[in-house]
Every structure is written in structure tokens, then in C-alpha cells.
Amino acid sequence: MKNESLPIIDIASLNSGAGELARIGAALDRACCEFGFFYVTGHGIDPALSARMIALAEKFFALPLDQKLAIAMAHGGRAWRGYFPVDGELTSGRPDRKEGIYFGTELGPDDPRVHAGVPLHGTNLFPPLPRFRDTLLTYMDQVTAVGQILLRGIAVGLGLWPDYFLEHYTRDPTVLFRIFNYPPSTAGAHDNELGVGEHTDYGLLTLLRQDEIGGLEVWHHDRWLPAPPMPDSFVCNVGDMLERLTAGRYVSALHRVRNVSTHDRISMPLFLDPSFDAVLAPIEPLVPDLTASNWNRRARRWDNTDLATISGSYGDYLVNKVSKVFPQLKAKVL
């Protein structure tokens, strides 16, 4: 059995010039084709900011349930923000063994999209903890900026101009940020107890900061690869939308979480997605290249999604996906 592990890509020099952009772009291309997952270092975010965000998350999840439910998602309305308890989310068709808070781009009531009642747009529900709001919004802005830089490298790796994704999809991105807490294993639990079952992310690019507990696993070829914590890094992965935009060149890999430790696990994924009104279509320069080897290798996914077709707006696609995760909330809000 080969000793395989997820690639580690240092992006510190990505903005140093065309040569470095091409080199890092090629590394990103290989990682997205082969694994769909990779670690990013050299991102430039102060480790103290990430540590502060994790510490605030731990304080929130340690609160009594009734205090956490004060910002329950039912109070978030069409913005789809707020807290959900353990077993409150159905990522892979069954209740997840995790609790969490949903956040997004902070928009006031005067924003035209909020005024029009566009789903997934609005204000966040913040825990009443000192510095939580400011820390979270700063963290989201900085991680989003790293994601935009990564998309420049990915574009170059695909043979496109650096600002391809910015100009076509992420000038006004849909940014969704989640903070999850995975409780420790239950008494007598076996190794297959899952915090969240195998699934793929449905967006463009995910940037995950995890604490030191670990538990993330990625499906690669015929086995689960661990994605253990690495200091001052993000675990990044291709989402379904990027797989489909590249007509299957990039793989949106199945992954799952097993917290078999005796401690809670904090996980903070930020999903950098296309603008809500972005019109979806495969990236034309890639389609002819995938009529042969790559296309034949992955013409359809594990869930029978046809990678040859994609259309409509990203907003319609996203609302359909998210509403399946919280069916009861969908019935009340949408």
C-alpha cells in the first residue's frame, strides 16, 4: 500500500511574480486533480487571530443549551443564520453528531437583497461574548482574501488568466462560514461513530481551520486518508461547483469526520462560493480537453451527477442544496 498524504502547498510567494504564480498554480492543479484536498501554508493570517476565534468558539459551545438556543437558526429567518444543536443538521441524510453556528456576509436591513427577501442574505446572530462579532468578521474577511488568492493560482493552473474566477464568479462572492463543535465519542463507541458522514461540499472552494484534536478523513482511490491538524495551516478542498465548472477535471472528494477522542473538536470551514446571481456554465477552454482521457475517467460522480451539464444561477442551486440539510427550517422560512 502506498504511503499517501495530502499535498502541502506554501503560497507565501504566490504574488511574487508570474514565475511563482505559474509554479504554485501547477501545484494546485495537481492537488485538485488527484486529491481534491490540500493543505495551505504561508497564507499570511496571524495565528493569534485564528487562535482567538477558536477560543471564542469553545466559550460559546460551553454555554448551557438554553443560552445557545437564544440565537437558534429559527430566529435567523431567510438569512439562514444562527445556532443548531447536536442532531440538528442532516449533511449526509442522517443527523450529524455535531452542533454549530451558521454565519455569512454581514448585510444590514437597507441592503437591496435583504430588503427584497433574497434567501441566505442578511444579518448574523452573534453570541453575546466580548469581541466575538469583531473577531469573527475580521477572520471571515481575511480567510476570504486567502481564498481569492488561491483562486488566482487555480485559474493559472487551469491555463486561464489569473482573474478568471474573480471576473466570472467571485467579484461579489457568496461567503458562508460555519463553526462546528463535535462532541467526544460516546461511552463504548466504536471506531465508525461519525460526527458527520461521508459527503462532498457543494460550493466552489472550502478553507478549513481545525483545532488540534483531528478526525477529518478524505476518500482517495480506495481508502480513507487522515487529514490531521497541521500548525498554522488551512485544509482546502474542491467543492462540487468547482468540479462541475471544470467538467470533472477537478475532483470534489468525499470526506467525513470521526471524533474518536475524549475531547470536543472545533472545526471552522469557510465556503467561498460564486456570486448568488452568477450564471453557471462549464469553463469552455476545458471542455474539449476532457472529451478523452480525463472525461472518460470521471464522466459521472459517485452520486450520478452528470458532469457534462450545468446551468441556472448559483443562488437557485445553493438554496436547493442548503434546504435539504435543514428540512424543517426550509418549511418555515422558504
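Which residue in the turn of the hairpin formed by S8 and S9 has a positive phi? His-221 does, with a phi of about 60°, and 2 residues separate the two strands.

The model is predicted: local features need pLDDT of at least 70, side-chain atom pairs count only at pLDDT 80 or more, and totals for chains, interfaces and linings use all residues. Residues are numbered from 1 along each chain as its sequence is written, and side-chain values use heavy atoms, with hydrogens and water left out.

The protein has 10 helices and 12 strands. These are DSSP runs numbered from the N terminus (helices H or I, at least four residues; strands E, at least two). Of its 334 residues, 55% are buried, where buried means under 20% relative accessible area with a 1.4 Å probe, protein chains only. Among contacts (heavy atoms within 4.5 Å) between residues at least 6 apart in sequence, 77% join residues at least 24 apart.

Strand S8 spans residues 216-220. It is largely enclosed by the rest of the structure, because 4 of its 5 residues are buried. S8 pairs antiparallel with S9 (residues 223-226) over 4 bridges; pairing requires at least two DSSP bridges between strands. S8 also runs antiparallel to S11, with 3 bridges. Val-218 stands opposite Leu-225 in S9 and opposite His-255 in S11.

Strand S12 is likewise largely enclosed by the rest of the structure, since 9 of its 9 residues are buried. Arg-265, Ser-267, Pro-269, Phe-271 and Asp-273 point one way. Ile-266, Met-268, Leu-270 and Leu-272 point the other way. S12 is joined to S5 by 7 antiparallel bridges, and Leu-272 is the bridge partner of Val-175. S7 pairs with S12 over 6 bridges, also antiparallel. There, Ser-267 is the bridge partner of Gln-210.

The largest pocket holds about 640 Å³ of space. Of its 34 lining residues, the closest to the centre are Thr-91, His-199, Thr-200, Asp-201 and Tyr-202. A pocket is an open set of points on a 1 Å grid where a 1.4 Å probe fits, with protein on both sides within 12 Å along at least five of seven lines; lining residues have an atom within 4 Å of a point. Elements that each supply at least two lining residues include S5, S7, S11, S12 and helix H9 (314-325). The lining comprises 16 nonpolar, 7 polar and 11 charged residues. Asp, Glu, Lys and Arg count as charged; Ala, Val, Leu, Ile, Met, Phe, Trp, Tyr, Cys and Pro as nonpolar; the others, Gly among them, as polar.

Terms used
Points joined across faces, edges and corners; volume = space filled by probe spheres on them. Buried < 20%, exposed > 50% of the residue type's maximum accessible area, 1.4 Å probe, protein only.
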